[in-house]
Amino acid sequence: MSRTRVHNMNVSLDGYAAGEYVTFDAPIGDAGQLFDWFDGRVIHGIDDVDDPITLDRAVTSLWGQGIGAEIMGRRKFGPQTGDWPDDGWRGWWGDEPPFQTPVFVMTHHSRPSIEFSNGTAFHFVDAPPQEVLRMAREAANGRDIRLGGGPSTVRQFLEADLVDFMHLAIVPITLGRGVSLLDGLLGVEDGFMVETVTSPSGLTHQFWNKARHT
């Protein structure tokens with residue numbers, strides 16, 4: 001059975017994983033500091049850069065390994081709300097989105113799928129987490145499913161007990177407000193084995209693996 005994985009989910013010391021708003025000019029809203037450490041060049045492997053292979057870069061490179069499909073929330077795809085406007089929007093990533101797999105965007109407003117030459121295809125689905133995960137598994141052909149965020153989407157899957165692995169990068173800042181990852185999930189950690197390692201950069205990486213009871 002394929003696993004459902006979360007990678008590179010950045011969380012502030014006070015528990016926020018995204019800003020309160022998303023706009024065309026501010027895709028991360030007022031939480032941009034959470035991503036100051038992130039090196040997107042290595043998401044497909046550390047061989048893409050000549051820089052030293054640090055702990056942070058090595059962990060980041062796990063993002064694409066063994067992934068056959070992604071699930072994301074609508075706010076990760078774009079800032080629009082309500083019915084989709086006829087504005088030609090194809091996501092934040094231009095003509096070469098980094099996913100290179102089917103991507104299932106959870107939204108209450110349907111629209112045709114969008115396909116790219118590098119293998120990325122966005123499918124817009126209005127369904128509960130269990131059904132979206134079923135569709136993603138079918139498309140992934142036995143490979144793992146990545147939950148790409150944002151935090152509200154990941155929280156839905158945690159609530160439904162559908163997350164097998166989660167990598168959190170705890171960033172040493174406080175935001176004071178934003179979108180919380182674990183709000184309302186009291187005791188969720190009891191269902192996981194949690195390992196922690198601190199990077200020289202000041203990040204704390206947490207690896208949550210679903211506990212297997214025998």
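Which residue forms a salt bridge with Asp-39, and how far apart are the closest N and O atoms? In this predicted model, the partner is Arg-41, with the closest N and O atoms 3.0 Å apart. A salt bridge here is a side-chain nitrogen of Lys or Arg within 4 Å of a carboxyl oxygen of Asp or Glu. Residues are numbered from 1 along each chain as its sequence is written. Because the model is predicted, local features need pLDDT of at least 70 and side-chain atom pairs count only at pLDDT 80 or more, while totals for chains, interfaces and linings use all residues; side-chain values use heavy atoms, with hydrogens and water left out.

The protein has four helices and 11 strands. These elements are DSSP runs numbered from the N terminus, with helices (H or I) of at least four residues and strands (E) of at least two. The radius of gyration is 17 Å, close to the 17 Å given by the globule rule for 214 residues, so the protein is as compact as a globular protein of that length. That radius is taken over C-alpha atoms, and the rule is 2.2 Å times the number of residues to the power 0.38. The C-alpha trace spans about 45 × 45 × 35 Å along its principal axes. Of the 214 residues, 49% count as buried. Buried means under 20% relative accessible area, exposed over 50%, and partly exposed in between (1.4 Å probe, protein chains only). The accessible surface comes to about 10,800 Å², and 49% of it belongs to carbon and sulfur atoms. Accessible areas come from the Shrake-Rupley method with a 1.4 Å probe; for residues, only the protein chains shown count as cover. Among contacts between residues at least 6 apart in sequence, 64% join residues at least 24 apart. A contact means heavy atoms within 4.5 Å.

The interior was examined next. In soluble globular proteins, nonpolar side chains tend to be buried together. A nonpolar core is defined as a set of buried Ala, Val, Leu, Ile, Met, Phe, Trp, Tyr and Cys residues joined through side-chain atoms within 4.5 Å. The largest such core has 28 residues, of which Ile-71 and Met-166 touch the most other members. Two or more residues come from each of strands S1 (4-12), S3 (67-73), S4 (102-106), S7 (144-149) and S8 (165-171), and from helices H3 (129-140) and H4 (151-159). H3 gives the most, with four residues. Leaving aside residues up to four places away in sequence, Ile-71 touches partners including Phe-104, Met-106, Val-132, Leu-133, Ala-136, Ile-145 and Phe-157. A second, separate core holds 13 residues, among them Ile-43, Trp-63, Phe-77 and Val-105. In H4, the buried residues are Pro-151, Thr-153, Val-154, Arg-155, Phe-157 and Leu-158. Just after H4, Asp-161 takes a positive phi of about 60°.

The structure holds 14 salt bridges. Arg-146 pairs with Glu-70, the closest N and O atoms being 2.6 Å apart. Arg-146 lies in strand S7 and Glu-70 in strand S3, so this bridge ties together parts that are 76 residues apart in sequence. Both Arg-146 and Glu-70 are buried. Arg-146 is also one of the residues that Ile-71 touches.

Asp-39 is buried, at 13% relative accessible area. Arg-41 is partly exposed, at 46%. Asp-51 forms a salt bridge with Arg-41 as well, with the closest N and O atoms 2.6 Å apart. Asp-51 and Arg-41 are 10 residues apart, both in the loop between strand S2 (16-18) and helix H1 (55-60). Asp-51 is partly exposed, with a relative accessible area of 30%. Salt bridges that share partners join Asp-39, Arg-41, Asp-51 and Arg-57 into one network.

The loop between S2 and H1 also holds Phe-35. Phe-35 is partly exposed, at 30% relative accessible area. With Ile-28 and Phe-38, Phe-35 forms a nonpolar surface patch of about 210 Å² of accessible area together. Patches are made of residues with over 30% relative accessible area and no salt bridge; like charges are joined within 9 Å, and nonpolar side chains (Val, Leu, Ile, Met, Phe, Trp, Tyr) within 5 Å.

Thr-23 is placed in the loop between S2 and H1 too. Thr-23 is partly exposed, with a relative accessible area of 32%. Thr-23 and Gly-78 are 55 residues apart in sequence, and 8.1 Å apart in space, C-alpha to C-alpha. Thr-23 touches Pro-79 and Trp-92, not counting residues up to four places away in sequence.
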